[in-house]
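User: Could you take a close look at one part of this model for me, the pairing of its strands, and then move on to the buried interior? I'd like the cut-offs spelled out as you go.

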Amino acid sequence: MKLIHVPTPLLTLLFLLFSFSPSNTAAETEAQALLAWKSSLLQPDSLASWSLANSTTPCEWFGVRCDSGGSVVVQLSLPYSNLVGTLVNLDFSSLPNLTTLDLSYNNLAGAVPSNISALSKLTSLDLSSNNFSGSIPREIGQLSELLELRLDNNSLGGEIPYQLSGLQKVQLLDLGSNYLETPDYSNFTGMPSLAYLDLFLNSLTEEFPLFILKCTNLTYLDLSENRFTGPIPESLAINLVSLEYLNLSFNSFEGVIPASLTKLPRLRDLRLGGNNLVGGVPATLGSISSLRVLELYNNSLGGPIPPSLGQLQKLERLDIKLAGLNSTIPPELGNCTNLNYIELSTNRLEGEFPGSFVKLTKMREFGISSNSLSGKIPSDFFGSWPQLISFQVQNNSITGRIPSEIGLATNLTYLFLYTNNLFGPIPVEIGNLVNLIVLDLSDNSLTGTIPSTIANLTNLSVLNLFYNNLTGSIPEEIGNMTALASIDLNTNNLEGELPGTIAELPNLASLSVFTNNLAGSIPRDLGQNGLLQNVSFSNNSFSGELPRGLCTGFALHHLLVNSNNFSGYLPSCLRNCSRLLRVRLDWNHFSGNLEEAFGVHPDLVYLDLTGNQLTGTLSPDWAEFKSLTYLHVDGNSISGDIPTALGNMTNLQDLSLASNYLAGGIPPEIGKLEFLFKLNLSSNMLTGSIPSELGELDPLTHLDLSGNELTGRVTAELANLNDLLLLDLSMNKLTGEIPYQIGNLNSLQILLDLSSNSLSGTIPSNLGKLTRLQKLNISHNNLSGEIPDSLSEMVSLESVDFSYNNFTGPIP
């Protein structure tokens, strides 16, 4: 082969010409622009390949695609790349040949730059699922080659620029899930190529945008979750004849459902839920043979379910809950053999379940709760619906037994039969439903025992059997149900002890067995999982001490163990349960020092320690119970003074410290408790006078200061308590006259008791104004004079006691 010798100067010239060819210059400019943007991003690990050291051309970088000749960048596609930063430093003018820009599903923020309009060849722009804010640049309307524009799922606001409607080639426009506001739609033009329009979840108002009716090739339209008003245009179905998907849910559209929708021969999805539509479900909807989804829920439609819906043989999803329907369920729906989802809850449907539903063999989710359905649950449903995962028929009037065939629905995850009239036993076949997550059979008339087969439900998280007539003991096997988080068996006739295996449940957070016949001690390890939030053992015959680790993890919100035979000291961990909201320990035999047993719980709303054997004093620190509305510690052995700091418990509504050994005076600061409606300080050793400040407790309905050693006069300021129903000042050492102002307590109804004091003078005739009073006792005082004739006007009196005084004259 003959070699051709080329002089060195010529070689140099050729090299220089090649190096500075237009294609290389363009690639270098694009590379520099991309690198400049990369440097502005926060730790862009996904862009590690973006380096001139790795490649002399950006065409080999991650997410970058060049033309067939490898000379210019035509696509930048970086979805899900964990990009953090803005677009401020991306020089769009350096990427003039870009046809695709996809930066979706990242963490980009800031404004969308207006100079994005430099991408004049762009056909697809996707900035969705980022954190972009500000308004949509009207300059995007200059991207005349765009076929797809996605800006959804950002934080964009302001009005939608009318310039976007000038994108005559756009086929897909998605602006959903932003904060966009209503523009002047009169400036918008039709978009003849638009097939997909999504404005979901914005702040758009006014009536249906009429420019949409000029987008005559639309197949997909989503205006849901805005604030559109007015009627749904009849012309919608006339102009948009290609619609396959129509979603107007969760707006304020009103009027009737347009009959013209039947002119949409391709309509597959019709979603009109969550509006103000009226006028019933149009029977003509049954003629839209292509329908697969029909959602009309949360409207005020009223009327019946049209039997014509049974013609929709392609229908897969039917949701008309909360729509005011008032009919029976038409058996024709059984002809919709592709139905896998029915939701007709919270209407006024009556009658029985149609037997024809046995043909719905694809059924997965069945909900007809909160209606007036009666009759029995058809047993053949469960053998015919092998794919059933949810069966919710609660809050009806369904009778009969739970069919044993329910054990055939082995894919069930949710079974709600509560609040019906079901009777008989829980079928042992319930144990076949091994995929159940929630089982609620509460508020029926079920009898018999809890079947031990229930322990097979190892995926069950919630077990509700309360408000039935179940007997026997709680199965020991319940400890095998390791997914259980909540057990509620309250208000049955269960007996025996609480199984020790319950304490072994690793996920148990709520245990309620109140109002049964249970006895014995509580398993000592209960609560050791550190997750217990709600515990209720009330109204049983439990005894012994509460488990020391009951509140391990300090997660307790509610502890209700009242009306049992518990004894011993309270668990020390109670002091540190900062999340406590409600505590009832009343009517047991707990002992120990109150202040040591119970710490300060700033979120506590309800505390009842009545009827125990607690000692010690009331801590001034309890004033930190800022949320407390109910405080009862009566019937203990508490001593010392009532702390003045109780006046700082500003939300207190019901305060009872009765039947203790409290001494000293009644703090005037109690008069600052502006929400207090019950105050009981009876049966203590309180001294001093009645503070006039108690007359400032405007909401007070019950005031009981009886059985103390109070002195001085009955303060006339008590007459300011206009809502008072009961006033008991008996068994004190009060002196002076009965203030005539007491007769102004027009609401007094239950009791006025001033007995066993040292009151003197006459009975004020003004007491005759207490026409609602049922019981009056002023016995055992030093009262004198005649009984006023005006007392004859107290027409509601059931009992009256004037004995052991010095009255004269006739009885009226």
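Analyst: G158 stands opposite L180 in β11. Strands here are DSSP runs of E with at least two residues, numbered from the N terminus, and helices are H or I runs of at least four. This is a predicted model, where local features need pLDDT of at least 70 and side-chain atom pairs count only at pLDDT 80 or more, while totals for chains, interfaces and linings use all residues. Residues are numbered from 1 along each chain as its sequence is written, and side-chain values use heavy atoms, with hydrogens and water left out.

β9 and β11 (residues 179–181) pair in the parallel sense over three bridges; pairing requires that DSSP finds at least two bridges. β9 (residues 155–159) also runs parallel to β7 (residues 131–135), again with three bridges, and S133 stands opposite S155.

Now for the interior. V561 lies in the loop between β36 (558–560) and β37 (565–569). V561 is buried at a relative accessible area of 0%, where buried means under 20%, exposed over 50% and partly exposed in between, with a 1.4 Å probe on protein chains only. Leaving out residues up to four places away in sequence, V561 touches, among others, F537, L546, F566 and F590; contact means heavy atoms within 4.5 Å.
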